[in-house]
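Dear colleague,

Please look at it first; an account of what was found follows below it.

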Amino acid sequence: ADPVLDIRGLSVDYGFDANPTHVLRDVSLSLGRGEVLGLAGESGCGKSTLAYAATRLLPPPGLITGGEVWFTGRDGRREDVLAMTDARLRQSRWQDTAIVFQGAMNSLNPVFRVGRQIVDGIFAHRPKWSKAQATERAAELFEMVGIAPDRLRSYPHQLSGGMRQRVMIAMALALEPQVLIMDEPTTALDVVMQRQIVEQIAELRDRLGFSVIFITHDVSLLIEIADRIAIMYAGEIVEQGPAQELYRRPRHPYTKGLLSSFPPLRGPKTELAGIPGAPPDLSNPPAGCRFAARCPHALGRCQAVEPELGPTAVPGDATARRVACHLHDGAQPVPLELALTR
Ligand code: SF4
Ligand code: MG
């Protein structure tokens, strides 16, 4: 079946001057119907930019310099989101693809009851609905995300952070979108609340069958929810594959470093390893691998030759894993520590 969302070769620059920052470079990513895709990487790696660009919500000075974003509707019709007219885009947004922005739970209007804010959101897309109809839908949405419908009468400050985030999820689901993009939906919450929200999203996905792109800097959260994980570094996807496989046996040195920076939510906490160094200057990215300056395994050719995201050449690997790293191009044996189970 066609993926519901198929991002191809998406590139974004920031800045209109002679020396723009190349924040996203040739990113390709597809999202299957009903799939939860986790997108992880350090802050500033381009995760949010990818979400904004793919939904055409990129604020200036961001500029899409190349690529296509194919959306396939329930009826099988394929459309390039980047080629949609503004009118078509307004229609499609929230209805085909909905997005919960980073920090959205703090953007609720403090002077209106949350129920009214949901109802207003519904009216913006369903102007012909009666007030009773919209209110009923709002109550249904609240129940769906596990909030008692009488909370519709609450003001935002009367709700906990976790509840406000659920309100945002309810709003995003109001028009039954096929794709839900969530940018750091649990980042501001405590660990218990994070777990609850992640479980809620997983349950809703099972029940309603939408697809999710779950963006986070905390890759350990993804193991709870994602079917597949893509890892970004310095504006590029460096590794992607089935969640459990990628988590247990990271292949890219950056993935490995990222995983050891975030201990799993379950089980004993290990010491944070971190990854020394900083990402490269993206207005003048290095010629070879963008991770070379921080990579403990860098080879001679890493500085000069850019690794391509491709299937791994590891013998016996049938996991559909793709890695952009010279260690895995088959030219030499994979270092034992990268091949070993974590
Ligand atoms: Fe490290 Fe080279 Fe792989 Fe880049 S290509 S991650 S520098 S080993
Ligand atoms: Mg971000």
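Is R56 buried, partly exposed or exposed, and how many other C-beta atoms lie within 10 Å? R56 is partly exposed, with 16 other C-beta atoms within 10 Å; a residue would need 20 or more to count as buried, and 12 or fewer to count as exposed. Please bear in mind throughout that this is a predicted model.

Overall form

The secondary structure of the chain consists of 10 helices and 12 strands. For 342 residues, a compact globule would have a radius of gyration near 20 Å, and the value of 21 Å for the chain agrees with this. The C-alpha trace spans about 65 × 50 × 40 Å along its principal axes. Of the 342 residues, 39% count as buried. Among contacts with a separation of 6 or more, 64% are between residues 24 or more positions apart.

Domains and core

Two domains are assigned: domain 1 covers 1–96 + 179–188 + 210–342, and domain 2 covers 104–176. Their centres, taken over C-alpha atoms, are separated by 31 Å. Five residues from domain 1 and five residues from domain 2 make up the contact. On the side of domain 1 that touches domain 2, four residues are nonpolar, one is polar and none is charged.

The largest nonpolar core holds 88 residues, and L10, I118, V212, I213, F214 and I231 have the most contacts inside it. Helix 5 (residues 161–172) supplies the largest share of this core, namely seven residues. Because domain 1 and domain 2 both give residues to the core, it lies between them. As for F214, its contacts are V36, G38, L39, M182, L222, I225 and A226, when residues up to four places away in sequence are not counted.

The ligand site

Ligand 1 is surrounded by 14 residues, of which C289, C295, A298, C302 and C325 are the closest. In terms of class, this shell has 11 nonpolar and three polar residues, and no charged residues.

Helix 1 (residues 47–54) is largely enclosed by the rest of the structure, because seven of its eight residues are buried. The buried residues are K47, T49, L50, A51, Y52, A53 and A54. R56, with which this account began, follows helix 1 and is placed in the loop between helix 1 and strand 4. Its phi is near 60°, a positive value in a residue other than glycine. P61 also lies in the loop between helix 1 and strand 4 (62–72). The peptide bond from P60 to P61 is cis, with omega near 10°.

Other residues and elements to note

E184 likewise has a positive phi, of about 50°, although it is not a glycine. E184 is situated in the loop between strand 7 (179–183) and helix 6 (191–208). With 20 other C-beta atoms within 10 Å, E184 is buried.

Helix 9 (residues 253–261) has seven of its nine residues buried, so the rest of the structure largely encloses it. These buried residues are P253, Y254, T255, K256, G257, L258 and L259.

The loop between helix 9 and strand 11 (310–311) contains N284. N284 counts as exposed, with 9 C-beta neighbours inside 10 Å. Although N284 and H22 are 262 residues apart along the chain, their C-alpha atoms are separated by 8.2 Å.

Q95 is located in the loop between helix 2 (86–92) and strand 6 (97–100). Q95 is partly exposed, having 16 other C-beta atoms within 10 Å. Leaving aside residues up to four places away in sequence, Q95 touches H125, L175 and P177. From Q95 to H328 the C-alpha to C-alpha distance is 41 Å, and these two residues are 233 residues apart in sequence.

With kind regards

How values were computed. Residues numbered from 1 in each chain as written. Chains lettered and ligands numbered in written order. Predicted model: local features only at pLDDT ≥ 70, side-chain atom pairs only at ≥ 80, totals over all residues. Near = placed C-beta within 6 Å. Nonpolar A, V, L, I, M, F, W, Y, C, P; charged D, E, K, R; others polar. Domains from an automatic or database assignment. Contact = placed C-beta atoms within 7 Å. Core = buried A, V, L, I, M, F, W, Y, C linked by C-beta atoms within 7 Å. Helix = DSSP H or I, 4+ residues; strand = E, 2+ residues; numbered from the N terminus. Rg over C-alpha atoms; globule rule 2.2 N^0.38 Å.
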